[in-house]
Amino acid sequence: PVIAVLLLIVIAVAAAILTYVWLTGYMGTLQAQSGAQQVQEKLKIEGVKVETGDNTIKVVYVRNIGDVTITISAAYLMDSSGNVIAADTELEEELDPGESRGLEKLENIGKESLTPGKTYIIKVVSEKGTEVTYQFTYRK
């Protein structure tokens with residue numbers, strides 16, 4: 001009877017240890033998968049088209065280099081020190097994975113006249129908060 005009780009205790013402890021190891025591994029997998037969704041959202045600004053007649057930005061070319069569809073919600077024009085000059089926060093442009101598109105509905109940014117020789121920064125923000133910036137010096 002004593003040996004039988006000791007064997008039952010050893011089996012119960014071994015089962016508890018195996019269950020603990022399995023649960024910690026499973027929880028790690030779940031946490032890695034939940035964080036992967038945000039990492040997959042990636043944007044790239046490929047260029048800016050400036051209208052030389054009135055020195056204004058007409059199009060900002062953006063590419064989705066991630067694995068999920070992205071909704072672009074805002075675009076900002078800033079000076080070289082990061083001060084916002086103009087902002088368009090009512091954008092609703094969807095980009096599928098691998099898709100490139102020119103953002104043309106830039107009403108506020110398109111009104112600002114650029115100064116030749118000055119450096120500007122364009123920032124594009126997605127609905128989930130992913131940001132991408134593009135710095136350029138305007139040359140006429």
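Author: Buried means under 20% relative accessible area, exposed means over 50%, and partly exposed is in between (1.4 Å probe, protein chains only). This is a predicted model, in which local features need pLDDT of at least 70 and side-chain atom pairs count only at pLDDT 80 or more, while totals for chains, interfaces and linings use all residues. Residues are numbered from 1 along each chain as its sequence is written, and side-chain values use heavy atoms, with hydrogens and water left out.

Reader: Why is Ser-81 called exposed?

Author: Ser-81 has a relative accessible area of 59%, over the 50% cut-off, so Ser-81 counts as exposed. Ser-81 sits in the loop between strand 3 (70-79) and strand 4; strands are DSSP runs of E with at least two residues, helices are runs of H or I with at least four, and both are numbered from the N terminus. From Ser-81 to Tyr-120 the C-alpha distance is 8.8 Å, although they are 39 residues apart in sequence.

Reader: What makes Trp-22 and Tyr-26 a stacked pair?

Author: Rings of Phe, Tyr and Trp (its six-membered ring) pair if their centres lie within 6.5 Å; planes under 30 degrees apart are stacked, over 60 edge-to-face, and the rest tilted. By this rule there are 3 aromatic pairs. For Trp-22 and Tyr-26 the ring centres are 5.6 Å apart and the planes are at 10°, so the pair is stacked. Trp-22 and Tyr-26 are 4 residues apart in helix 1 (residues 2-39), about one helical turn. Trp-22 is exposed at 56%, whereas Tyr-26 is partly exposed at 43%. Elsewhere, Tyr-120, Tyr-134 and Phe-136 make up one aromatic cluster.

Reader: How do you know that Glu-46 and Arg-63 form a salt bridge?

Author: A salt bridge needs a side-chain nitrogen of Lys or Arg within 4 Å of a carboxyl oxygen of Asp or Glu. The N to O distance between Glu-46 and Arg-63 is 2.5 Å, so the pair qualifies. Glu-46 lies in strand 1 (residues 43-51) and Arg-63 in strand 2 (residues 56-64), so this bridge ties together parts 17 residues apart in sequence. Glu-46 is partly exposed at 35%, and Arg-63 is partly exposed at 29%.

Reader: What makes Lys-58 and Asp-54 a salt bridge?

Author: Their closest N and O atoms are 3.9 Å apart, which is within 4 Å, so the pair counts. Lys-58 is partly exposed at 33%, and Asp-54 is partly exposed at 39%. The structure has 5 salt bridges.

Reader: Why is Glu-93 called buried?

Author: Glu-93 has 13% relative accessibility, under the 20% cut-off, so Glu-93 is buried. Glu-93 forms a salt bridge with Arg-101 at 3.1 Å, N to O. Arg-101 is partly exposed at 26%. Salt bridges with shared partners link Glu-93, Glu-99 and Arg-101 in one network.

Reader: What makes Glu-92 part of a negative surface patch?

Author: Patch residues have over 30% relative accessible area and no salt bridge; like charges are joined within 9 Å, nonpolar side chains (Val, Leu, Ile, Met, Phe, Trp, Tyr) within 5 Å. Asp and Glu count as negative, with the charge placed at CG of Asp or CD of Glu. Glu-92 is exposed at 58% and lies in the loop between strand 4 (84-88) and strand 5 (93-95). The patch consists of Glu-90, Glu-92, Glu-94, Asp-96 and Glu-127.

Reader: Which residues form a nonpolar patch?

Author: Val-2, Val-5, Leu-6, Ile-9, Val-13, Ile-17, Tyr-20 and Val-21 form it, with about 800 Å² of accessible area together, computed by the Shrake-Rupley method with a 1.4 Å probe. Leu-6 belongs to helix 1.
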